[in-house]
Amino acid sequence: MARDKSKLLHGPLFFRRVPLDRRNAARRISAYIYGNILILSALIPVAPSHEDVGIAVVLGAAVSTFVAHVFAESVGQSVRQSGAPAAPEPWLDLRDSLPILSSAVLPCAILVAAAIGWLEPRTAQVLAEVAMLVRIGGITFVIRRLEGERPDRSTLLGAFLLSCVATAVVAVKVILTH
């Protein structure tokens, strides 16, 4: 069992012999988009300064969203299975929710650059926000790959439109919650 957990949590990130099934791919893409939108929503209202560049806010948003998502997925899974989930299911929920945590890595790295003086805080915040929008739009390339198609102009258009919709979602979230 310990070996299975290790394989499940530390399986290949970039290359795999067997592609992810559509269900797991969809769950991870959903978590990825959700995490990126919430991190972007956390970044926007931060007023960066030389003393505080918002790293704690971004990390707090990522960790709290991750925990809430894993909890919600495990409850949903128990409903789908009409009872307590089987032993490996919580680990699957954890693995499928990891994209939420990964969403915080790039913006935190950019904000660290501001914290140590390599970038101005406002520049770092704008770069982190743009990086989040690029990440969200970039998922269209992954989706095309999952569909067995090569990226084309429609993929770029889809990335742009997805980023626009994500911006609207983030704007609504920021307006309604801050």
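1. Overall composition. The predicted model contains seven helices and zero strands, and read along the sequence the pattern is accordingly α-α-α-α-α-α-α. Of the 178 residues of the protein, 35% count as buried. Among contacts between residues at least 6 apart in sequence, 73% join residues at least 24 apart.

2. The nonpolar core. The largest nonpolar core holds 26 residues, and those with the most contacts inside it are Ile 33, Ile 37, Ile 39, Leu 43, Val 58, Ala 104 and Leu 111. At least two residues of this core come from each of helix H2 (22-43), helix H3 (55-80), helix H5 (105-115), helix H6 (121-146) and helix H7 (153-177). The most is given by H2, which supplies eight residues. As one of the core residues with the most contacts, Ile 37 touches Ile 136, Ala 166, Val 169 and Val 170, when residues up to four places away in sequence are not counted.

3. H2 against H6. The axes of these two helices come within 9 Å and cross at roughly 165°, which makes H2 roughly antiparallel to H6. The crossing of H2 with H6 is left-handed. On the H2 side the contact includes Arg 22, Ala 25, Ile 29, Tyr 32, Ile 33, Asn 36, Ile 37, Ile 39, Leu 40 and Leu 43, and these meet H6 residues among them Gln 125, Ala 128, Met 132, Arg 135, Ile 136, Ile 139 and Ile 143. Sorted by class, the residues of the contact of H2 with H6 comprise 16 nonpolar, two polar and three charged.

4. H5 against H6. The axes of H5 and H6 also come within 9 Å, with a crossing angle of roughly 165°, and H5 is therefore roughly antiparallel to H6. The crossing of H5 and H6, however, is right-handed, whereas H2 passes H6 in a left-handed crossing. From H5 the contact draws on Leu 106, Pro 107, Ile 110, Leu 111 and Ala 114, and from H6 on Pro 121, Ala 124, Gln 125, Leu 127, Ala 128, Ala 131, Met 132 and Arg 135. By class, the contact of H5 with H6 has 11 nonpolar residues, one polar and one charged.

5. The buried residues of H5. Within H5, the buried residues are Pro 107, Cys 108, Ile 110, Leu 111, Ala 113 and Ala 114, and they pack against H2, H3 and H6. After H5 comes Gly 117, which has a positive phi, near 90°.

6. Leu 111 as a point to inspect. Leu 111 lies in helix H5 and belongs to the core residues with the most contacts. Leu 111 has a relative accessible area of 0% and is therefore buried, the cut-off being under 20%. Leaving aside neighbours within four places in sequence, Leu 111 is in contact with Leu 43, Val 53, Gly 54, Ile 55, Val 58, Ala 124 and Gln 125. Two of these partners, Leu 43 and Val 58, are themselves listed with Leu 111 among the core residues with the most contacts. The C-alpha atoms of Leu 111 and Ala 128 are separated by 7.3 Å, although the two residues are 17 residues apart along the chain.

Conventions. Residues are numbered from 1 along each chain as its sequence is written. This is a predicted model: local features need pLDDT of at least 70, side-chain atom pairs count only at pLDDT 80 or more; totals for chains, interfaces and linings use all residues. Side-chain values use heavy atoms; hydrogens and water are left out. A nonpolar core is a set of buried Ala, Val, Leu, Ile, Met, Phe, Trp, Tyr and Cys residues joined through side-chain atoms within 4.5 Å. Buried means under 20% relative accessible area, exposed over 50%, partly exposed in between (1.4 Å probe, protein chains only). Helices (H or I, at least four residues) and strands (E, at least two) are DSSP runs, numbered from the N terminus. Contact means heavy atoms within 4.5 Å. Axes are lines fitted to C-alpha atoms, for helices over the stretch in contact, and angles run from 0 to 180 degrees between N-to-C directions. Angles under 35 degrees count as roughly parallel, over 145 as roughly antiparallel, 65 to 115 as roughly perpendicular and the rest as oblique. A crossing is left-handed if the near helix is turned anticlockwise from the far one by less than a right angle, and right-handed if clockwise. Ala, Val, Leu, Ile, Met, Phe, Trp, Tyr, Cys and Pro count as nonpolar, Asp, Glu, Lys and Arg as charged, and the others, Gly among them, as polar.
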